[in-house]
Amino acid sequence: MDAIIGEILSRAVTNLADTIVTGDEIGIEIYPQGGLDGVITILGYPFACEVKRSVVAANYNSVISQIKNYQGNMPVLLVAGKISRTLMKQAIKDGVNVLDAAGNCEIRVAGTPLFLSISGHTDAIKMGGEGIAFRSAGLKVLFYLLQDPANVGKPYRTIKEETGVSLGTVKNVIDSLEDQYILISSGVRYLKNKKELLDQWVINYNRTLKPKLFLGRMNFIGGYEKQWDTIKLPEGMCWGGECASYILDGYLYPERYEIYSTVPSNTLTKAGCAIPSADGNIQVYKKFWLDDTSAPALLVYADLMGSGDGRCREEAQRIYDRELSYLK
């Protein structure tokens, strides 16, 4: 168990214990068991623990799916460093008990009198995903590494040329990933904990980098919303999000429209299908990767996971299983 996971679990237990003390008994203990992050016994009821640094809309679906695949005979308790009250409520609806590092929780077990609903506590804790690798320039480097894990073994100067960030940023990002996400063996770098790194990248891409890439909105005209796939986008533009996933997979028909572009957003007017609009239904973002003309599967996955939409998260899982399974 790494230090951050251990700290989350310890704080969560301590803060919950402070809230539900009855008499002289705390009624909570932690002990390791098998491949679990731990087992917490709350007022006599044991829970298998799955600890996550941060649970947000972008990774919620994958976290819940992982928990529901647990085959043990105990109820599972999701212990999160950070999770919103809204997602806590959603988790309990999805049949998953939740406890955060501050001691807030939604815990109930069918057929027992155990029912805990605690909110309002705060307890600042850094969960990772907050260093240079998870800032805007660092996220571009991570995108490059996650597209092909072999890229991590390339010289710094090559990574610089293929990502467009500075040489110093490349070195600082690689250095910051050592131990937790990079293994060095016989002088060669390898990515490890790839799924965890992917989850952190998706969260921070949607939270930090993507908003900075926003160029503007456009609105469909002439019925093109229903025939978006017939539009010939101007050079320098490509579909992202739900539209890109439909092109990849043909499964999810888009309800939201995103474009990545190396040219101004109003260039789309040249296609005769859209006009600038402050509240338009097409969102245009700056294209930040240097190769390919279409959105890579990794980016499509991040767009879908960041939508907060259940249908998009289901499609993201399909893309992950088919296109990104090398990051398991």
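A residue counts as buried under 20% relative accessible area, as exposed over 50%, and as partly exposed in between, with a 1.4 Å probe and protein chains only. The structure is a predicted model, in which local features need pLDDT of at least 70, side-chain atom pairs count only at pLDDT 80 or more, and totals for chains, interfaces and linings use all residues. Residues are numbered from 1 along each chain as its sequence is written, and side-chain values use heavy atoms, leaving out hydrogens and water.

Helices (H or I, at least four residues) and strands (E, at least two) are DSSP runs numbered from the N terminus. Helix α9 spans residues 297-305 and is mostly covered, with nine of its nine residues buried. These are A297, L298, L299, V300, Y301, A302, D303, L304 and M305.

| Helix pair | Angle | Axis distance |
|---|---|---|
| α9 and α10 | about 155° | 8 Å |

The contact (heavy atoms within 4.5 Å) is made by A297, V300, Y301, L304 and M305 of α9 and by C312, R313, E315, A316, I319, Y320 and E323 of α10.

R313 lies in α10, which covers residues 310-323. Not counting residues up to four places away in sequence, R313 touches A57, Y60, N61, L304, M305 and G308.

Elsewhere, G131 is found in the loop between β7 (115-118) and α4 (136-147). G131 is partly exposed, with a relative accessible area of 33%.

Conventions:
Axes fitted to C-alpha atoms, helices over the stretch in contact; angles between N-to-C directions.
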